[in-house]
Amino acid sequence: MTRSPDSTSRRTVLRVFAGAAVLATVPPVRAAAGLQSWPLGTARRTGIHDVAPAPDGGVWFTAQRSGELGWFDPNTARVELLALGRDSAPHGVVQGPDGAAWVTDGGQNAIVRVSWPAREVRLFPLPAGTPWANLNTATFDHEGDLWFTGQGGWVGKLVTRTGHLTVKPAPRGSGPYGICTTPRGDVWWCSLAGSFIARIDRATGESEVVEPPTPRQGARRIWSDSRGTLWISEWNSGQLSAYDPAKRTWRAHRLPGSAPRTYAVWVDEHDMPWVSDFGSNAVLRFDPKAERFERFPLPRESAEVREIQGRPGEVWLPESGTETISVIRTR
């Protein structure tokens, strides 16, 4: 679970008892070109972890330490925190086809749906007897069903129409982390501990392993571009790698610097991958045609950007180490 220091910025906090929500308004902090940041300014540390665009123009984030779903309004700098349940420790969040926030909650060993804008919380627990899965991230397939990973060694599916949830042991045990859906509807995930990627047979739920050429690279997160090329952030090797499933070919690009640690990856509307680097405390954009990285340094030490998501013209970053939410505007 992420542990982050208390924000030292000035803050105004309003507690709203209905729905166990907490609202805060904080001033933005401007730093490097194109980067705008807001300390969360909440009364307690949230452990901000992952982000996802919300349908109303706001940004959701998982508050792993406090067990809440956060919502940030970039127009007013307002932060709202919604309690997800006892023992909650959410990791990933994605927007569903229904406009709701869908959360992988490791603390509750459950998938959590938060309707939007009604903010109604519903839990989908893993089947009885399932060990602690350490739920990580999720993606929707083209039929509207949710697929998810558990770093404890599980891959699962939630049929959203019926609420039926199933899990299967992952090949080679612990490690499943990032997951994504390609434009053609294939679901792929990667294993941090196992150092491989895998495609799910959506009919059976079984996974077919694909071995990257770099051994022990620590494939952490995975994202597809518009052509179906998979981009993988490799934590151990410090590389951003690309896999073309149609051609079954690999390309690897080591991040600049002496000791890169590639954590998050996301691909924007121009098919430009973005990655976070713990080693240089920065976010980088990669141009696949020029094969060149552009670096966006983060002004706060040990920012620890663990996830990147966005919408056209916006790249959203949760800074776990500094309790800050940031955006890089590309327009």
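## Cysteines

Cys180 is buried, at 4% relative accessible area, where buried means under 20%, exposed over 50% and partly exposed in between (1.4 Å probe, protein chains only). Cys190 is buried as well, with a relative accessible area of 0%. The sulfur of Cys180 has the sulfur of Cys190 as its closest cysteine sulfur, at 8.1 Å, which is too far for a bond. The structure holds 0 disulfides, a disulfide being a pair of cysteine sulfur atoms within 2.5 Å.

## Basis of the values

This is a predicted model, in which local features need pLDDT of at least 70 and side-chain atom pairs count only at pLDDT 80 or more, while totals for chains, interfaces and linings use all residues. Residues are numbered from 1 along each chain as its sequence is written, and side-chain values use heavy atoms, with hydrogens and water left out.

## Nonpolar cores

The largest nonpolar core has 17 residues. A core here is a set of buried Ala, Val, Leu, Ile, Met, Phe, Trp, Tyr and Cys residues joined through side-chain atoms within 4.5 Å. The members that touch the most other members are Trp274, Val283, Leu298, Ile308, Val315, Leu317 and Ile328. Two or more residues come from each of strand S25 (262-267) and strand S30 (314-319); S25 gives the most, with 3 residues. Helices (H or I, at least four residues) and strands (E, at least two) are DSSP runs, numbered from the N terminus. Apart from this core lies another, of 16 residues, among them Leu135, Leu146, Leu158 and Val167.

Leaving aside neighbours within four places in sequence, its contacts include Trp274, Leu298, Ile308, Leu317 and Ile328. Ser276, Glu294 and Arg295 are also among the contacts of Val283. Contact means heavy atoms within 4.5 Å.

## Strand pairing

An open sheet of 4 strands runs in the order S25-S26-S27-S28, with antiparallel pairing. Two strands pair if DSSP finds at least two bridges between them. S25 and strand S28 (292-297) stand at the edges with a single partner strand each, so one side of each is left without a neighbour in the sheet. Neighbouring strands of this sheet are turned by 25° against each other on average, direction ignored; the axes are lines fitted to C-alpha atoms, for helices over the stretch in contact, and angles run from 0 to 180 degrees between N-to-C directions. Within the sheet, strand S26 (residues 273-277) and strand S27 (residues 282-287) pair in the antiparallel sense over 4 bridges. Ser276 has Val283 in S27 as its bridge partner.

Another antiparallel pair consists of strand S7 (residues 68-73) and strand S8 (residues 78-83), joined over 6 bridges. Gly70 stands opposite Leu81 in S8. S7 and S8 form a hairpin with 4 residues between them, and Ala77 in the turn has a positive phi of about 65°.

## Aromatic pairs

There are 17 aromatic pairs. Rings of Phe, Tyr and Trp (its six-membered ring) pair if their centres lie within 6.5 Å; planes under 30 degrees apart count as stacked, over 60 as edge-to-face and the rest as tilted. Trp189 and Phe196 have ring centres 5.5 Å apart and planes at 65°, so this pair is edge-to-face. Both Trp189 and Phe196 are buried.

The rings of Trp235 and Phe278 are also edge-to-face, because their planes stand at 85°, with centres 5.3 Å apart. This pair links distant parts of the chain, 43 residues apart: Trp235 is in the loop between strand S22 (230-234) and strand S23 (239-244), and Phe278 is in the loop between S26 and S27. Trp235 counts as buried at 14% relative accessibility, whereas Phe278 is partly exposed at 25%. Ring pairs link Tyr177, Trp235, Tyr263 and Phe278 into a cluster.

## Contacts across the sequence

Ser37 lies in strand S4 (residues 35-39) and is buried, with a relative accessible area of 0%. Ser37 and Ser326 are 289 residues apart in sequence, but their C-alpha atoms are 4.1 Å apart in space.

Pro312 is placed in the loop between strand S29 (309-311) and S30. Leaving aside neighbours within four places in sequence, Pro312 is in contact with Glu269 and Arg331.
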